[in-house]
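User: Hi! Could you walk me through one part of this model, strand by strand?

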Amino acid sequence: MSGSELKADFWMSEYITPWDIYVHGVTSVLAYKKTAFQEMYVVETGTYGKGLVLDGKWQSCTGDEFLYHEPLVHPAMILHGSPRKVLVLGGGEGATIREVLRWKTVEKVVMIDIDGEVVEACKEYLPEMHQNAFDDPRCEVVIGDALEFLDTTGNDWDVVISDLSDPIEEGPSFQLFTKDYFEKVRRVMSPSGYFVVQAGPVSPAELKMHARIVNTLKSVFPNVQSLTSYISTYGAPWGFAIASTQAIDTRPEPADTDKVLAEKTTGGFRMLDGITLLGLMQLPGHVRQAIASETEVYTMAAPPKFFGKGSVGQ
């Protein structure tokens, strides 16, 4: 094409649908490992900086991870108001615990990740993401199975964050988007607790899984709210879902949110403030309609199956 110049010979291709691929040019591979659970790359890209790729699926990158991690963490924290104990299921890059630890009220955050080799690679190669959050004395990292941890922990978690890789069939997390899993989470939450899930893309071609995750949450929790944030490197608007036995204010007053953040958090946000939070909760009509019409509930016997892997190569 006239005026176009490609500057990479190595490409990370993510399969979005059977007819669509999103490709990122890779300038160098910083780490590669086929672990006991998944295939991992840490790469440097031409546009978005360093990125983590698991089983060919783009996880996050230094250039736009704030568009994912800030809306994943802070809406639930704001709704709670003064979270003390936070449980993160997944979150290998350390960016989720980084955002949790912005809260002055937090006394303890425990991160459970099944793949220690991924966590160690992120510690070494992605310091821009974790920003030494792993070394914070309030943080504990457990390498293990989220389901087993939920069976043994107490029921006093103020916020539980499910920051898991997409539920591709060969990956380690496809069972963790089910009613069975959500019931385990509800049992460990404090009476005033909030649960948040990364809940897949909400572009029209991929919306069904998000609607089913939300519907599955509704089979366990009386109050569920979907949120969306456009994430550049995913090539799609992305969905999150908050669930609780407590009310969820879907029309938060921006000035009130800004006051809470000013008083109870440290460090500057790149995306999130009161106006942003209000906007995140106002869903487009097609998303609301898809959620309202969905009837399927995911279970361990019939879990979600995300489309395909991707590939890295010339």
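This is a predicted model: local features need pLDDT of at least 70, side-chain atom pairs count only at pLDDT 80 or more; totals for chains, interfaces and linings use all residues.

User: Which strand is joined to S6 by five bridges and covers residues 108-113?

Analyst: Residues are numbered from 1 along each chain as its sequence is written, and side-chain values use heavy atoms, without hydrogens and water. Strands are DSSP runs of E with at least two residues, helices are runs of H or I with at least four, and both are numbered from the N terminus; two strands pair if DSSP finds at least two bridges between them. The parallel partner joined to S6 by five bridges is S7.

User: Which residue in S7 is the bridge partner of Leu 87?

Analyst: S6, helix H2 (residues 95-100) and S7 make a right-handed β-α-β unit; seen with the strands pointing away from the viewer, the path from the first strand over the helix to the second runs clockwise. Within S7, Leu 87 has as its bridge partner Val 110.

User: And which residue in S9 is the bridge partner of Val 88?

Analyst: S6 also pairs with strand S9 (residues 157-163), in the parallel sense over five bridges. For Val 88, the bridge partner in S9 is Ile 161.

User: How many residues of S6 are buried?

Analyst: Buried means under 20% relative accessible area with a 1.4 Å probe, counting protein chains only. Strand S6 spans residues 85-90 and is mostly covered. The buried count is six of its six residues.

Technical notes
Buried means under 20% relative accessible area, exposed over 50%, partly exposed in between (1.4 Å probe, protein chains only).
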